[in-house]
Amino acid sequence: MSNRSKTLALAGSLALLAGSAVPAAAQTDIVLWTTEEAGPLEFVEGLAAAYEEQNPDVSITTIFHAAEDMVNDVLTASLGGQSPDLLWTQADHVGPLAAAGQIAPMDDLVDTSAYVPAAIEVTTVDGQVWGVPNSFGNALVLYYNRDLVPEAPANTDELIEVAVANTDADAGKYGLVYDQTQSFWLTPWLGGFGASVFDEEGNPSLGSDEMVEALTFLQDLKWIHGVMPLDTNIETANALWLDGSAAMTINGDWSLGQFSDALGDSLGIAPIPEVVGGDWPAPWLSGKYLMVPSAAAGDEAKAEIVADVIDFINGKDNQIAMVEALARIPGNAEAIDDPVVTEDPAISGFAAAASNGTQQPINLEMNCAWDAMTNGLVTLYSSADASPTDVAAGMQSALEDAVAPGGACGPA
């Protein structure tokens, strides 16, 4: 049976007992906008059909919107009085939608304690929850070749030791490869060293001592320990990893299918190792979250039904069906402890890594922070003589200029 057929079959046999019937005097129409497409969209439509079967007085219309258009589409619909009733969209849409007053806090609508705490943290702002996770992840993890590294290193000292033992640059063999050109690969280490992009007041904090420590560690991996190639973007890192020329790589869950096909049972997945003297690296999390537009939340009768739809979609049984169909990490706390997750080496590896994860900053200035960090990393990795202190100071200065009045991410 094809993956698409499996998805349809599972979607058609979803656990109808996961929801509770909602009494309604007349037909209630719920409009759900989602960024899911292809097989995942069919799964969403299957959930909607299953809910309708149990609740014949409720009709759910599912409409696809491209992720890059969702925020603007919600804003436009609101202006015309045509807001959807439920959103199934990216976690990072919380920032702009909440700032624009287009979504409502979820705390009084659903039981947020039913979800994995790390996943709930992703969409928690100022103590309020603005979205509940259907699936979460997008976390960077350590992939390792079991033929070369039988067990995942537990900490950074072991990481270096294993990487050095598997490096022979003259033969084109390296202990560790990852994308050196994008700052997303820096972000997990911020948590490990106690660094951050913004401080608690929302001010840039890229120039901290903790950031210097993180940058020093990464520079040493390349220039002192010599376990990384001189120049590596995502394409070259993946090529070295897939042909067996690298013992370990750092990448995300989006690469699982390709990596599993290439390495089979030799593929190992684990959290990025704990920083000796520091903490566990905290990969930034994202995922697909359910959010309630303000208009629907303001309609008491409709809000009750929308809340029940959310509880149905994210109930344990339907979350397990999602894992089986889409191989995603469930947001439901009971589902993530189910054997379908814990006994699957890949899913459990991602779940363990995600449990160390943290919220990606939702500051509207993040676009400029990415640029500042990426430019700094290019300098850091370019030479053994590059000063981590100077690189951190340069990133801080660049971000401060960008968020100042008149800057690229600052007020006009």
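A residue is counted as buried when its relative accessible area is under 20%. By this criterion, every residue of strand 10 (residues 267–270) is buried in the predicted model. The side chains of a regular strand alternate between the two faces of the sheet. In strand 10, L267 and I269 point one way, whereas G268 and A270 point the other way. Strand 10 runs antiparallel to strand 7 (residues 141–145), to which four bridges join it. A270, one of the buried residues of strand 10, is the bridge partner of L142.

A search of the whole structure returned one cavity of 30 Å³ or more. The volume of the largest cavity is about 40 Å³. Its lining is made up of L32, V44, L47, A48, I60, V309 and I313. Two elements, helix 2 (38–54) and helix 12 (300–313), each give two or more residues to this lining. The largest share, three residues, comes from helix 2.

A pair of aromatic rings is described by the distance of the centres and the angle of the planes. F184 and W254 form a tilted pair, with 6.3 Å from centre to centre and 45° between the planes. This pair links distant parts of the chain, 70 residues apart. F184 lies in the loop between strand 8 (174–177) and helix 7 (187–193), and W254 in the loop between strand 9 (246–251) and helix 10 (256–263). The two partners fall into separate accessibility classes: F184 counts as buried because its relative accessibility is 16%, whereas W254, at 43%, counts as partly exposed.

A further tilted pair is formed by W189 and F217, with a centre-to-centre distance of 4.9 Å and an angle of 50° between the planes. W189 belongs to helix 7 and F217 to helix 8 (residues 209–223), so this pair ties together parts that are 28 residues apart in sequence. Both W189 and F217 are buried.

Ring pairs also join aromatic residues into a cluster, whose members are F184, W185, W254, W284 and W370. The cluster thus includes F184 and W254, the residues of the tilted pair with 45° between its planes.

Definitions and conventions:
Residues are numbered from 1 along each chain as its sequence is written. This is a predicted model: local features need pLDDT of at least 70, side-chain atom pairs count only at pLDDT 80 or more; totals for chains, interfaces and linings use all residues. Side-chain values use heavy atoms; hydrogens and water are left out. On a 1 Å grid over the protein atoms alone, a cavity is a set of points where a 1.4 Å probe fits but cannot get out, and a pocket is an open set with protein on both sides within 12 Å along at least five of seven lines; lining residues have an atom within 4 Å of a point. Grid points are joined across faces, edges and corners, and a volume is the space filled by probe spheres set on the points. Buried means under 20% relative accessible area, exposed over 50%, partly exposed in between (1.4 Å probe, protein chains only). Two strands pair if DSSP finds at least two bridges between them. Rings of Phe, Tyr and Trp (its six-membered ring) pair if their centres lie within 6.5 Å; planes under 30 degrees apart count as stacked, over 60 as edge-to-face and the rest as tilted.
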